[in-house]
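Please find below a short note for a reader who is new to structural description. The points may be read beside the sequence and the model.

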Amino acid sequence: MIELSGVTKSFGPNHVLRGVDLVIPKGTSMVVIGGSGTGKSVLLKSILGLVRHDSGTITLDGEDVTKAERDAFLARFGMLFQGGALFDSLKVWENVAFRLLRGSLKRPKDEARAIAIEKLRRVGLRETVADLYPSELSGGMQKRVGLARAIAAEPEIIFFDEPTTGLDPIMSGVINDLIREIVVEMGATAMTITHDMSSVRAIADQVAMLHGGLVRWTGPVADLDSTSDPYVQQFIHGRAHGPIEAVR
Amino acid sequence: MQAVSSLLAAIGRPVLALLAAIGRVAIFAAEALGHMLRPPFYWREFGQQVMQIGWFSLPVVGMTAIFTGGALALQIYAGGNRFGAEAVVPQIVAIGMARELGPVLGGLMVAARVASSIAAEIGTMKVTEQIDALTTLSTHPMKYLTVPRILAATLTVPVLVAVGDAIGIMGGWLVGITRLDFNSATYLKNTVDFLQFWDIGSGLVKGAVFGFLVALMGCYHGMNSARGAQGVGAATKSAVVAASVLILAANYLLTEVFFSA
């Protein structure tokens, strides 16, 4: 279980997180929604320790993430980055098997390649893609490779940062379905940040709405449409008028 | 009174900013050196950087050296002609290349080629979240990106300097025998007889220091690149400028240490 309590983060005068409280139970798929610039990515990066929060606590299974042994802590996570963040200088299979080629999870090269190809198949890519470089792939294929890399070491927790940004609706649907299938199949805890409502409905068990540096609403995805919260209603219906200012 | 205080503030601000920048670079360098001493070591990445920094810089260093050696021979001959010292061309070309021009020009060419490429590559990795991705894959960016580059540059630039020295001396020899009527065997004998071990050794030490500075500046500016294409461009420019200035400053200091009476 991931638990955030009173988490704050500022960049100079810009107070991005103002005391976020959020619980992500084990095995749950939590989707965090909110407008651009509301601190969704900062929240996710704070959990991983890529950004150091100013105050408050973040715990994983009761252990403070800032005090956890770094390698063991990160070995529990997989992450799909918004732009894929594939390493340009490595072939696709080397990207997928990155964790399996070095460090504590190191395997023999042939075995790592076989696992990479199996994960590529799992995300709907052929074996021929394995020896290409990321720059030779389309945006949708890069996202799939990023997804394969995120699940290669079979992590307990997977983070998805805007998984469908920049993709056409059909490819977005494919990625959403893959994420849902994989999360269920692996029994992983997932946290997704997005402002794409089709992703929310496809991926989420629970939804949290972030606005103004605080979690304004949280609940099951089934309650999303029926909630009377004006922030959620404005966001999910994409209305220009409401408590969320259109110009931020 | 207010004018004086404004003047002092105007002087103090850039001085403080410079000192802060020096401090940040020193901390970065100390961190990189610390990671060099602790496993894991990424030997494959190190090997790739040896090729990128060392092998692929050979043509540019070689071309620079051969033309510099040739021009140096012509200049020394023309200058020496004024007081009947034309015969010292082989000795001065050799000492000039080995002690100064080989390491400095080689270092500057590597700075232009390598510091820019390191800063641009790491800067782009930063803005495309590849550095964050490395961290989430339990790989320390300093160990994976910085250590192999600094180590490769520190070890390969002296080799480049040695090759550059040889090519530069050969450039002087070529001009000497074709344009200045030197006897080939005499030219080479004078070169070999005159050169001492420390002439070459000091240049190699300089090469190692320059290689370290080039990679350090490339990595530091890449890792601290601002967002966007403009940020990467600025990081690249800063890396080349800083590496070049540091090479020239370090060259003076090392020359003082090695050769001042």
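Is the crossing of α4(B) and α9(B) right-handed or left-handed?

1. The structure is a predicted model. In it, α4(B) and α9(B) cross in a right-handed manner.

2. The two helices of this pair are α4 (residues 89–127) and α9 (residues 228–259), both of chain B, and their axes come within 8 Å and cross at roughly 150°. Because an angle over 145 degrees counts as roughly antiparallel, α4(B) is described as roughly antiparallel to α9(B). Sorted by class, the contact between α4(B) and α9(B) holds 15 nonpolar and nine polar residues, with no charged residues.

3. Chain A contains an open sheet of six strands in the order β6-β7-β8-β3-β9-β10, with mixed pairing. At its edges stand β6 (77–80) and β10 (214–220) of chain A; each has a single partner strand, so one side of each is left without a neighbour in the sheet. From one strand to the next, the twist averages 15°.

4. Within chain A, strand β3 (residues 29–33) and strand β8 (residues 189–194) run parallel and are joined by five bridges. A:Ile33, for instance, has A:Thr194 in β8(A) as its bridge partner. Helix α5 (residues 139–151) of chain A packs on the sheet, where it touches β6 and β7 (157–161) of chain A. The direction of α5 makes about 175° with that of β6(A).

5. Finally, the two chains touch: 15 residues of chain A and eleven residues of chain B take part in the contact. On the chain B side, three residues are nonpolar, six are polar and two are charged.

How values were computed: Residues are numbered from 1 along each chain as its sequence is written. Chains are lettered from A and ligands numbered from 1 in the order in which they are written. This is a predicted model: local features need pLDDT of at least 70, side-chain atom pairs count only at pLDDT 80 or more; totals for chains, interfaces and linings use all residues. Two residues are in contact if their C-beta atoms, placed from the backbone, lie within 7 Å. Ala, Val, Leu, Ile, Met, Phe, Trp, Tyr, Cys and Pro count as nonpolar, Asp, Glu, Lys and Arg as charged, and the others, Gly among them, as polar. Axes are lines fitted to C-alpha atoms, for helices over the stretch in contact, and angles run from 0 to 180 degrees between N-to-C directions. Helices (H or I, at least four residues) and strands (E, at least two) are DSSP runs, numbered from the N terminus. Angles under 35 degrees count as roughly parallel, over 145 as roughly antiparallel, 65 to 115 as roughly perpendicular and the rest as oblique. A crossing is left-handed if the near helix is turned anticlockwise from the far one by less than a right angle, and right-handed if clockwise. Two strands pair if DSSP finds at least two bridges between them.
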